[in-house]
Amino acid sequence: MCRSTCAPLRLLTLALAGLSHGRPSDAACPPSCPVNELSKLYDQYCSDKGTFWQSKHHYASAYHQIFGSIRNVVTSILEIGIGEDTAPSVASWLIYFPKAHIYPIDIKTTEEVAKRAVPGGATDRVVAHQAKFGCEYNRPLLSLSLPRRPSPPPAQVHLTLNTDASDPAQLSRVRLPPQLDIILDDGSHRFLDQEKTLHVLWPRLRPGGFYIIEDILIGALPWDASHAQQAPTNNSDCGGECFFPQKIAEHPFLLDRFGHTKGGAWTRLRKETQELLRKHDWFFSVTGVHKGGGLDVSLILRKAGPAIGSEGLGGEARPLTPPLPVPQARSALQLAETQQKSLERQHSELQQSLRSIEQAVETRCTQQEAVRPADEGSSTVMYALLAASARGYRRVPNRAEGF
């Protein structure tokens, strides 16, 4: 997906014009058809992360393997780049992660989105075209940014527009939770932008969370000429469209894994990036190969720490549910303190009673021994008194348990 600076209207027209065959037929399966729940959602909403729309990245082949077992405990996901007007990946996340709050960020302006969303406008035309291929559109998603909302927006989606994610100052102003489970960069696809964004958002990623940088080697795309100056590549065999690395050995993210530099003049990883990669787990996922060059590659980083969903299973504690509201928490604390004082008082009374019984037994035994040293009844009396004391103790349940 691209930013507004990439001439989205022109690109969308070209992409749709080239899509003449629609969804793959049954005869094409496998590998072109969806094989898991996430890929079916991508195709349902016409996301290029799926199996047939536009770039056909097939990213769900990797993502479902990573997130399938934890999808019901993920509570937050941030994605840079909403793509087309229909925000297809956000619509997919809403269903795939049922308990998650979603934070989409895009460079598109509020005015641009509102203008395209007017009845009969560009958004409606995109929706009508995608409907021909059986795609759906969750219209309330983008209504978050519209002056007049046609329908209530999803409460768990927190959309931020007017934000260039490659600008640390702009990105730092976005209101986000202290920690995020998943961060996904599907923004400009420029290497330098991806590296800047990584360092701004990495502190927001929770321990054990995943950071994904999509479209590492997607091949040549004629978005704008400035890409040629940013792309870390010296390709010379693809005409005027060498705006992205087509050779694996020329991308810094891949080049520096084993410390092989081979003397190239292109941009290399910052020292901070190299240090980050040394301290955390990371790997590449290749889910497709394109004719004429380009691979569907994502860089997937996992921040060191306990696995998402490990709470209560030996991992570090992190509540899966929000904390109690302050008034309710104070009430629970007061109840617990009252019960604790009551138990301490009963414990003190029982200790005092036991000491009195022990003293009485000792006095009685001394008196009996003075009169009848061989009397064996004293031990019976002592045990009887101790047993009676024990029967008098009653455990008071702690009603604060569970708070």
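In helix α2 (residues 37-44), the buried residues are Leu-38, Ser-39, Leu-41, Tyr-42 and Asp-43. Buried means under 20% relative accessible area, exposed means over 50%, and partly exposed lies in between (1.4 Å probe, protein chains only). Helices (H or I, at least four residues) and strands (E, at least two) are DSSP runs, numbered from the N terminus. The cover over the buried residues of α2 includes α3 (60-67) and α4 (88-96). Contact here means heavy atoms within 4.5 Å.

Asn-36 caps the N-terminal end of α2, with a side-chain oxygen 3.0 Å from the backbone nitrogen of Leu-38. A polar contact is a pair of N or O atoms within 3.5 Å; within protein, one must be able to donate a hydrogen and the other to accept it, and residues adjacent in sequence count only if both atoms are side-chain atoms. Just after α2, Cys-46 has a positive phi of about 60°.

## Model and overall make-up

This is a predicted model, in which local features need pLDDT of at least 70 and side-chain atom pairs count only at pLDDT 80 or more, while totals for chains, interfaces and linings use all residues. Residues are numbered from 1 along each chain as its sequence is written, and side-chain values use heavy atoms, with hydrogens and water left out.

The chain has 13 helices and six strands. Of its 403 residues, 46% are buried. Among contacts between residues at least 6 apart in sequence, 70% join residues at least 24 apart.

## The disulfide

The whole structure holds one disulfide. The cut-off is a pair of cysteine sulfur atoms within 2.5 Å. The partners are Cys-46 and Cys-135, with sulfur atoms 1.9 Å apart. Cys-46 lies in the loop between α2 and α3, and Cys-135 in the loop between α6 (122-131) and α7, so the pair ties together parts that are 89 residues apart in sequence. Both cysteines are buried. The link is right-handed, with 60° about the S-S bond.

## Positive phi in two loops

Most residues other than glycine have a negative phi. His-58 has a positive one, near 60°. His-58 sits in the loop between α2 and α3. Its relative accessibility is 15%, so His-58 counts as buried.

Asp-215 also has a positive phi near 60°. Its place is the loop between β4 (205-213) and α9 (226-230). Asp-215 is buried, at a relative accessible area of 1%.

Gln-194 belongs to helix α8 (residues 191-201). Gln-194 counts as buried because its relative accessibility is 2%. Its side chain reaches the backbone oxygen of Glu-214 at 3.3 Å. Leaving out residues up to four places away in sequence, Gln-194 touches Asp-185, His-189, Ile-213, Glu-214, Asp-215, Ile-216 and Phe-253.

The axes of α8 and helix α11 (residues 271-279) come within 11 Å and cross at roughly 60°. Axes are lines fitted to C-alpha atoms, for helices over the stretch in contact, and angles run from 0 to 180 degrees between N-to-C directions. The two helices, α8 and α11, are therefore oblique to each other. Angles under 35 degrees count as roughly parallel, over 145 as roughly antiparallel, 65 to 115 as roughly perpendicular and the rest as oblique. From α8, Glu-195, Leu-198 and His-199 make the contact; from α11, Glu-272, Thr-273 and Leu-276 do.
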